Amino acid sequence: MPPIDLFQNPLRARHKTTDGKYRPRVLVKQLHPRDRRRMRRHFLDLEPADRLLRFGTELPDEQIERYVAGIDFSRDIVFGVYNRVFRLVAVGHLAFAPRDAAKEAVTDKARVAEFGVSVSRSARGIGVGSKMFERAAIHCRNNDVDTLYMHCLSSNKTMMHIAKKAGMEIHREYGEADAYLKLLPADPSSVMQEALDEQFATLDYTFKANKRAALKWLERLTLHKPKKK
């Protein structure tokens, strides 16, 4: 008989997708410097092949450490997905940069954005990558950025699927691919959607953090419980 979960998460309800299947609800939360340690763990746990797909090269641990330490949360936006045991299983980095001459034909906005995402093997196949891309796109819309780029290896089938699903224009060259998506301007519904997404994700994050703390407390209580004579 499976153990009873004393801390049921009301936000874990499944939803029906367009293909008629039921999948766990994916809640994407904006990350902050306090999440840096869990981000580091997520990237270091990636297998060499997954590091290659995420960064375009098999980064050694030392460079992973430098990459995570160097993320500027005041400039860029980082998103994450925590699983039911409060482990970070996906990280999406939305980096902003000034528009350069090569992109003047694509946009007249002052900035462009590039998005990179990695998903742990245990969390694949349920739409996590696509959901994170949607969250990045709506953030760009609401911050006056109308062009979102993704750069990856052409062999990265997951990123290619996300790009095609989003309707991105894809350019392939020398084993690499650049894709960009033109975004609609912000409107009241996009602003409301981003606010609701973050609010639900924050509630989910708080629930999981408190549940983890409560389970640790119960575990310590059990270990220190005096034995009956």
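**Helix α5 and the cores around it**

Okay, let's start on the outside of α5: Lys 157, Thr 158, Lys 164 and Lys 165 are exposed there, on the other side of the helix, exposed being over 50% relative accessible area, buried under 20% and partly exposed in between, with a 1.4 Å probe and protein chains only. Quick housekeeping: this is a predicted model, where local features need pLDDT of at least 70 and side-chain atom pairs count only at pLDDT 80 or more, while totals for chains, interfaces and linings use all residues. Numbering runs from 1 along each chain as its sequence is written, and side-chain values use heavy atoms, with hydrogens and water left out.

Helices here are DSSP runs of H or I, at least four residues, and strands are E, at least two, numbered from the N terminus.

So what is buried in α5? Met 159, Met 160, Ile 162 and Ala 163.

Now the largest nonpolar core: 33 residues, with Leu 94, Phe 115, Met 132 and Leu 148 having the most contacts inside it. By core I mean buried Ala, Val, Leu, Ile, Met, Phe, Trp, Tyr and Cys residues joined through side-chain atoms within 4.5 Å. α4 gives the most, six residues. Apart from that core lies another, of 15 residues, including Leu 31 and Ile 64.
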